[in-house]
Every structure is written in structure tokens, then in C-alpha cells.
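Subject: Structure for your review

Dear colleague,

Please find below the structure that I am handing over to you. I would be grateful if you would read the notes after it with the coordinates open.

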Amino acid sequence: MDTNAIKAFIGVAETMSVTKASKKLFLTQPAVSRRIAQLEEQLGVRLFDRVNKKMFLTIPGKELLPR
């Protein structure tokens with residue numbers, strides 16, 4: 001797993017927003033979204049539910065976060 005993708009995942013999980021995470025990580029929004037998408041593809045699960053620009057952890061996302 002790519003550590004940058006994990007950092008993006010943690011940033012979004014903490015802020016519940018790609019926009020806020022991108023500012024916190026000094027990345028563009030598309031870069032954060034791409035890293036999350038790559039991580040989801042590698043793991044074969046959705047890590048977030050996306051609702052009205054808010055991000056909510058799925059069960060697999062909640063299981064990954066403490067690791």
C-alpha cells in the first residue's frame with residue numbers, strides 16, 4: 001500500500017471532506033480523490049460513502065482506520 005494514499009485516507013476520515021483534507025495535506029482535491037480511489041481499488045472495497053460533498057466511512061473504512 002502506498003503511504004501517500006493512506007495519508008489521504010486518514011486526512012479525509014478526520015475531516016470528512018476531500019476539500020478540507022486537500023488543504024491539510026497541501027494537495028489538490030483531484031490528487032486526494034485519486035489516491036482514495038486507488039486505495040479503494042487495491043483493497044477491493046469502498047472506504048467512503050459520498051453524500052452531498054461529505055464523506056462518511058463505510059464499515060471497511062472504519063476497520064482500516066485504526067490500523
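Predicted model: local features only at pLDDT ≥ 70, side-chain atom pairs only at ≥ 80, totals over all residues.

Residues are numbered from 1 along each chain as its sequence is written, and side-chain values use heavy atoms, with hydrogens and water left out.

The helix in question is α2, residues 18-25; helices (H or I, at least four residues) and strands (E, at least two) are DSSP runs, numbered from the N terminus. Val18, Ala21 and Ser22 of α2 are buried, where buried means under 20% relative accessible area, exposed over 50% and partly exposed in between (1.4 Å probe, protein chains only). Seen down the axis of α2, these buried residues fall within an arc of 100 degrees, so they line one face of the helix; the arc is that of the directions from the helix axis to the C-beta atoms. Lys20 and Lys23, both exposed, are carried on the face turned away from the buried side. The cover over the buried residues includes α1 (3-15), α3 (29-43) and β2 (54-57).

Serine 22 has a relative accessible area of 5%. Leaving aside neighbours within four places in sequence, serine 22 is in contact with Leu27, Thr28, Gln29 and Val32, contact meaning heavy atoms within 4.5 Å.

As to the ends of α2, serine 17 caps the N-terminal one, with a side-chain oxygen 3.2 Å from the backbone nitrogen of threonine 19. Methionine 16, in the loop between α1 and α2, has a positive phi near 60 degrees and is partly exposed at 32% relative accessible area. After α2 comes phenylalanine 26, whose phi is positive, near 60 degrees. Phenylalanine 26 lies in the loop between α2 and α3 and counts as exposed, at 77% relative accessibility.

Finally, α1 and α2 pack at an angle of about 125 degrees, with their axes 8 Å apart. Axes are lines fitted to C-alpha atoms, for helices over the stretch in contact, and angles run from 0 to 180 degrees between N-to-C directions. The two helices are therefore oblique to each other (angles under 35 degrees count as roughly parallel, over 145 as roughly antiparallel, 65 to 115 as roughly perpendicular and the rest as oblique). Lys7, Ala8, Gly11, Val12, Glu14 and Thr15 in α1 meet Val18, Lys20, Ala21, Lys24 and Leu25 in α2.

Yours sincerely

Technical notes:
Polar contact = N/O pair within 3.5 Å; in protein donor to acceptor, adjacent residues only side chain to side chain.
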